[in-house]
Amino acid sequence: MLKYILPLLLFIVLAVFLALGLNLHPSEIPSPLINKAVPAFSAPKLQAPAEKLSPTDLKGKVWLFNVWASWCASCRSEHPVLNQLAQTKAAIIVGLNYKDEPEAALGWLAQLGNPYDVSIMDQDGRIGIDWGVYGVPETFVIDKQGVIRYKHTGPVTPEDVQQTFLPLIAKLQAEN
Amino acid sequence: MKHLSIVFLLILSGIACAGVEYREFANPEQQAAYENLTSELRCLVCQNQTIADSNAELAADLRRQVYEMLQQGKSKQDIAQFMTDRYGDFVLYNPPFKLKTGLLWIGPVVFLLIGLIAVFLFTRRKRSAATVEISAEKQQKIRSLLEEGDQS
């Protein structure tokens, strides 16, 4: 009896591991920043380099922090989704223009539309390091207390917006 | 068009420069710490390379970060902590032993034990199978069969 059960058990164990492995996304690294306060920065605004923005300016508001660049191909596919999300006015969208040329970035916004309430510049990638950015695009959701509640790696899809972002934003807007 | 080609050339020149990095260290210990750290930190973009090996832009930024922190007199632990605070344990090629990484560390030992037990059980079964006793009656039959075969 054992002779038949043992290979069957081995097969089941192997199959379960392989099935789990198929559903893993090894390129998505869990961020240790979830449920931590936002990393501090004070960065020049893309459209007004003389002015600076820091996270304390956004205290008391729910905001999205979207890392983008004009050289990033998947940002282009994500852009219309962000434009639509911006129209719902569900939350403030802050853009981090990551390792980009300001002219190229401004040209991109002029051409494709600007979903951001404000974009800040991170030309040498230091803010990116503080936020644990390793791939563009990335999107963080920050609550009213300035705590990172969610991180999305890769382009945001319309399904992500409907299933994850809007419900989460609604929940965070209801918090104090 | 002319404008575009200039932009293209500028981008290329950036790539050409990225190949060579010039770092100056205050002392050999600092240099050793730099080389040690960059070869223990994972490049998050090309996950099977260290930041010392990788040509990815992020790897270059992280090398710069390590260098600057060493210049500021930060210790190796400080820098490793800085990186894990931002990127998690995954950034370390030599992750610390804790509940989450337990399987990673113990896994190979467990598999070795399973293998040894399997080999032990398997060989023991074979040995016992080899020493099956044959009754006198059967031996007689075998002999007669063999002799029969010889005659034909």
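User: Against which helices do the buried residues of helix 4 of chain B pack?

Analyst: This is a predicted model, in which local features need pLDDT of at least 70, side-chain atom pairs count only at pLDDT 80 or more, and totals for chains, interfaces and linings use all residues. Residues are numbered from 1 along each chain as its sequence is written, while chains are lettered from A and ligands numbered from 1 in the order in which they are written. Helices are DSSP runs of H or I with at least four residues, strands are runs of E with at least two, and both are numbered from the N terminus. With contact meaning C-beta atoms, placed from the backbone, within 7 Å, the buried residues of helix 4 of chain B pack against helix 2 (28-38) and helix 3 (57-71) of chain B and helix 4 (126-130) of chain A.

User: Which residues of helix 4 of chain B are buried?

Analyst: A residue is buried if 20 or more other C-beta atoms, placed from the backbone, lie within 10 Å of its own, exposed if 12 or fewer, and partly exposed in between. By that rule, the buried residues of helix 4 of chain B are B:Ile79, B:Met83, B:Arg86 and B:Tyr87.

User: Which residues are exposed on the face of helix 4 of chain B turned away from its buried side?

Analyst: An α-helix has 3.6 residues a turn, so residues three or four places apart point the same way. On the face of helix 4 of chain B turned away from its buried side, the exposed residues are B:Gln77 and B:Gln81.

User: Which residues of helix 5 of chain A are buried?

Analyst: What covers the buried residues of this helix includes helix 2 (73-88), strand 6 (138-142) and strand 7 (148-153) of chain A. The buried residues of helix 5 of chain A are A:Phe165, A:Ile169 and A:Leu172.

Conventions
Contact = placed C-beta atoms within 7 Å.
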